[in-house]
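Here is a walk through one structure, written up as a short report. Have the viewer open and follow along.

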Amino acid sequence: MAKKQFKAESKRLLDLMVNSIYTHHEIFLREIVSNASDACDKLCYKALTDESVGLGRKDFKIEIRADKDARLLTVSDNGVGMDKEDLERNLGVIASSGSFQFKQEVGDDAKDTDVIGQFGVGFYSAFMVADHITVVTKKYGCDTAYMWQSSGADGYTVTECEKDAVGTDIIMHIRPDTDDEKYSEFLEGWRIQELVRKYSDYIRFPIRMEVSKTRKKEDSPDDKPEYETYSEVETLNSMVPIWQRQKSKVKKEEYDKFYRDKFSDYADPQRVIAVSAEGTVTYKALLFIPSQQPFNYYSKDFEAGLQLYSNGVLIMDKCADLLPEHFRFVRGVVDSPDLSLNISRELLQHDRQLKVIASNLDKKIRADLAKMMKDEPEDYAKFWKNFGRQLKYGVVADFGTHKADLQDLLLFYSSTEKKPVSLADYLSRMKEGQESIYYAAGETVESIDRLPQLEGLKDAGTEILYFTEDVDEFTAQTLMTYQEKKFLSALSGDAAPAEDGEKKQEESGEDDHKAVFDFVKEALGDQVKEVKASKILKSHPVCLTAGAGLSFEMEKYFAAVQPEQALKADRILELNTAHPVFAALERAVTDDPEKAKKYATLLFDQGLLIAGLPLEDPSGYTDLVCELLV
Ligand code: ADP
Ligand code: MG
């Protein structure tokens, strides 16, 4: 009997596959089972219009049998089957567009072969685990059955054979074990069950297999029990995925359990978002916001992404493209019949559809978070604790591309409310004439609270947002404004209290004390950019503010992350002209310039201390304090 050759491209693909360039051999079962399911679907569809089929939806099934001694794994279905032409057309060549794409993707570089794992390669993947495959099949409406046989790249034969019922048996002769790969595993019941649950749990026809079990022998005494093994046919898959069910018909406990099992979390999710979309792209999605931060969340080990299914068949475990970076904490599944299992349908198309889904999901998640913020502020505060930082990163990322989408989801600690508040809330409480959103950055809420620079604003009852995370100031700088109100650092000299700013300026009498400021500037040299009368201090004598560019908190951040080329913020020394210390300084400038220089150094060092910046010469500072004490 003459062997027929596979088409050239198919041969190349087979070579690639058989030579084990792709290590996820296990996906072969998913491919074979989904073909069986497709075949059942086709005949089931026919039965709708053709009474002579004589089968209803409930009559279709897929059966798996493993014969360890003969090393045969068989997957049978009672679907539509194939005739001789079908076999030639379907199993003699790999769908051409797909193999072309495949070649392009894979090239000669084995590293890129994840594509296979991501989108599957259909029937041929069985050659990864089998050295010989026999297909016995009978097409609905045909009298003759056919047998297709192949040992891989060297070709295939098709012959007539006997088969009673319509349908297809795929009989795989499993390869002998090697040092690297224990192919025998694929003949083990537990392994087959595991694979069906992992990849084919939501196939809508029962996948049945004889499972061996143990039970106590009926007549054995209870105190000396004897056991026997027996076998029972079991349905391995759960068939209807929870995300295909109507949300109103699913109990919260069911969602919670599904989440815990699927994503190995011991805590219930904080939010469940069920999406059902029809239109340009049809899909169902079930998304979860975890109620706690995964322990490795901010590390490289954390893998983001949603599980991607096509009609209940798993295509990809962590599809990162489905989630924007700022929602990478979201877990869940997406199922779209528009996505094909096989790479034989254009990859490009996948991309476009994935993009539509991803952007819809982004919107849904945002809407859900906004709703939680409004309706369940306490829950939102908890969510914010877990993942708020990620949202702020989202504002800063990509040059602020997503800032408009995310700004209303942000919370910052408020000096007056004593808890995290939204920017909209802040605005609603702004005072008449207040032009800016005031913030102050520092280590902790407590340390910021003690900053003398904030005294003026606080006395005036102005609300200040406390920035305690590295990313906060970057977030404000990226936003620049919120509802046209500018962000302004309360630690900068510009941040005078709204209502009495002008008055203060007059009082502070810049000109009166010019000689003192010039003297101090001269004494401190390049250490300070400017010395001036403070508009923000009340009871404290001195503070440092940063210029328009970098803030002190950012300087500290950069010092920690890139110490070799640390960036420095401008230092502006602000003196409280109403404070007795200033009067003492002024006197010294005229009476005892040497002493005045020491005062200048001392005040500057105090400014550094208050700002949490390191002193150039700590022991010099303490010496000076001691010297002035005696
Ligand atoms: P795809 O499923 O994406 O079309 P496959 O390589 O998995 O690609 O299968 C190729 C074709 O072989 C299928 O489209 C189908 O026509 C046929 N086929 C495979 N398995 C079966 C089966 N069990 N019953 C009927 N037809 C099958
Ligand atoms: Mg297929």
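## Aromatic pairs and a cluster

Phe327 and Phe329 are both buried (buried means under 20% relative accessible area, exposed over 50%, partly exposed in between, using a 1.4 Å probe and protein chains only). This is a predicted model, so local features need pLDDT of at least 70 and side-chain atom pairs count only at pLDDT 80 or more, while totals for chains, interfaces and linings use all residues. Residues are numbered from 1 along each chain as its sequence is written, chains are lettered from A and ligands numbered from 1 in the order in which they are written, and side-chain values use heavy atoms, with hydrogens and water left out.

The structure holds 30 aromatic pairs (rings of Phe, Tyr and Trp, the last by its six-membered ring, pair if their centres lie within 6.5 Å; planes under 30 degrees apart are stacked, over 60 edge-to-face, and the rest tilted). Take Phe258 and Phe288: their ring centres are 6.1 Å apart and the planes meet at 35°, so this pair is tilted. Phe258 belongs to helix H7 (residues 252–263) and Phe288 to strand S10 (residues 283–289), so the pair ties together parts that are 30 residues apart in sequence. Helices (H or I, at least four residues) and strands (E, at least two) are DSSP runs, numbered from the N terminus. Phe258 counts as buried at 12% relative accessibility, and Phe288 is buried at 0%. Phe327 and Phe329, by contrast, pair edge-to-face, with 6.0 Å centre to centre and 80° between the planes.

Phe327 and Phe329 also sit in one aromatic cluster, whose members include Tyr297, Tyr298, Tyr380 and Trp384. Two arginines come in over rings here: the charged end of Arg328 is over Tyr297, 5.7 Å from the ring centre, and that of Arg389 is over Tyr298, at 4.3 Å. A charge sits over a ring if NZ of Lys or CZ of Arg is within 6 Å of the ring centre and within 35 degrees of the ring normal.

How many of the 10 residues of helix H14 are buried? Seven are, which leaves H14 (residues 470–479) mostly covered. The buried set is Val471, Asp472, Glu473, Thr475, Ala476, Thr478 and Leu479.

Helix H17 (residues 552–561) has Phe552, Glu553, Met554, Glu555 and Phe558 buried. Those buried residues pack against H14, strand S16 (436–441), strand S21 (542–545) and helix H19 (593–611). Contact here means heavy atoms within 4.5 Å.

## Two polar contacts

Glu463 is found in the loop between helix H13 (455–459) and strand S17 (465–467), and at 6% relative accessibility it counts as buried. Its side chain makes a 2.8 Å polar contact with the side chain of Ser414. A polar contact is a pair of N or O atoms within 3.5 Å; within protein, one must be able to donate a hydrogen and the other to accept it, and residues adjacent in sequence count only if both atoms are side-chain atoms. Beyond four places in sequence, Glu463 touches several residues, including Ser415, Val421, Arg429 and Tyr438.

Ser231, in strand S8 (residues 227–235), is partly exposed at 43%. Its side chain has a polar contact of 3.5 Å with that of Glu210. Leaving out residues up to four places away, Ser231 touches Glu210, Val211 and Ser212.

## Whole chain and confidence

The protein chain has 20 helices and 22 strands, and 50% of its 630 residues count as buried. Among contacts with a separation of 6 or more, 70% join residues 24 or more positions apart.

As for confidence, the chain averages a pLDDT of 86, and 88% of the residues score at least 70 (pLDDT is the predictor's confidence in each residue, from 0 to 100). Where does pLDDT stay under 50? Residues 95–120 are one such stretch, with 55 contacts beyond four places in sequence in the model. Residues 499–507 are another, with seven such contacts.
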